[in-house]
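Please keep the sequence and the model in view while reading.

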Amino acid sequence: RASLLNQALCCLKLGDSVDPKEGLQHFRSAEAAADELLQRHGNALLEEPLLFSAPQSIPELQTMLRRVSGANETWQAKAYFRRGSARERLQYMAAALEDYEAALQIEPGDKIITKQLHALRNRQRKTELKPEKMFAGILQRERMEREKEEAAADLAARKQRREERLKAEAQATSS
């Protein structure tokens with residue numbers, strides 16, 4: 001567990017220390033390390049109370065026993081927080097928000113998690129108010145694709161007209 005947590009943290013720090021394009025790969029690595037940790041050692045989001053339903057698997061039983069005993073492990077909060085940090089830097093705001101909320105459920109008094117969660121929510125509210133910024137990349141790609149298609153269609157039409165003109169000239173000279 002510790003090695004994957006450290007790997008995620010190192011990748012986050014490396015991503016912050018290099019230029020943004022290179023940093024994306026480090027943030028993806030941090031997300032993957034935290035993801036692997038949570039998958040390998042029990043991805044308990046603490047969303048639904050397991051006390052109302054019978055556990056369907058051993059991991060669910062372990063999670064329920066941890067909840068009942070109050071033994072939520074801090075490594076889970078760290079893993080969710082680090083994955084959330086990576087996702088936030090990758091601009092996956094909704095996923096980052098879910099991770100921060102899961103981390104806060106495990107460690108409700110953590111000031112750093114609370115601070116990041118509030119900052120992300122504020123940034124998300126500002127973005128929601130400006131959909132043109134949120135969809136700017138998509139709109140730009142669509143515009144570029146449309147321009148390429150129009151240019152290709154225009155070129156094809158010009159070629160067709162030229163071929164027709166050349167055929168007409170060839171017929172006129174042969175007659």
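From the N terminus on, the elements of the protein run α-α-α-α-α-α-α-α. The total is thus stated as 8 helices and 0 strands, where helices (H or I, at least four residues) and strands (E, at least two) are DSSP runs numbered from the N terminus. The model is a predicted one, in which local features need pLDDT of at least 70 and side-chain atom pairs count only at pLDDT 80 or more, while totals for chains, interfaces and linings use all residues. Residues are numbered from 1 along each chain as its sequence is written, and side-chain values use heavy atoms, with hydrogens and water left out.

Of the 175 residues in the protein, 26% are buried; buried means under 20% relative accessible area, exposed over 50%, and partly exposed in between, with a 1.4 Å probe and protein chains only. Contact means heavy atoms within 4.5 Å. Among contacts between residues at least 6 apart in sequence, 58% join residues at least 24 apart.

Two packed helices are described by the angle between their axes and the distance between the axes. Axes are lines fitted to C-alpha atoms, for helices over the stretch in contact, and angles run from 0 to 180 degrees between N-to-C directions. Helix 4 (residues 74-89) and helix 5 (residues 93-106) pack at about 160 degrees, their axes being 8 Å apart. These two helices are therefore roughly antiparallel, a term for angles over 145 degrees, whereas angles under 35 count as roughly parallel, 65 to 115 as roughly perpendicular and the rest as oblique. Residues of helix 4 in this contact include Tyr 80 and Phe 81, and those of helix 5 include Tyr 100 and Ile 106. The contact residues divide into 10 nonpolar, 3 polar and 4 charged; Ala, Val, Leu, Ile, Met, Phe, Trp, Tyr, Cys and Pro count as nonpolar, Asp, Glu, Lys and Arg as charged, and the others, Gly among them, as polar.

The loop between helix 4 and helix 5 holds Gln 91. Gln 91 has a positive phi of about 70 degrees although it is not a glycine, and Gln 91 is exposed, with a relative accessible area of 57%.

Helix 4 also packs against helix 1, at an angle of about 25 degrees and with the axes 10 Å apart. Helix 1 and helix 4 are therefore roughly parallel to each other. Among the residues making this contact are Leu 5, Leu 9 and Leu 12 of helix 1 and Trp 75, Ala 79 and Ala 86 of helix 4. The residues of this contact comprise 7 nonpolar, 2 polar and 4 charged.

What lies in the interior? In soluble globular proteins, nonpolar side chains tend to be buried together. A nonpolar core is a set of buried Ala, Val, Leu, Ile, Met, Phe, Trp, Tyr and Cys residues joined through side-chain atoms within 4.5 Å. The largest has 19 residues, and Leu 37, Tyr 80 and Leu 120 have the most contacts inside it. Helix 1 (2-17), helix 2 (20-40), helix 4, helix 5 and helix 6 (111-128) each supply at least two residues of this core, and helix 5 gives the most, with 7 residues. A second, separate core of 6 residues includes Cys 11, Leu 12, Ala 30 and Ala 86.

Leu 37 touches Arg 1, Leu 4, Leu 5, Trp 75 and Ala 79, not counting residues up to four places away in sequence. Trp 75, in helix 4, is buried, with a relative accessible area of 7%.
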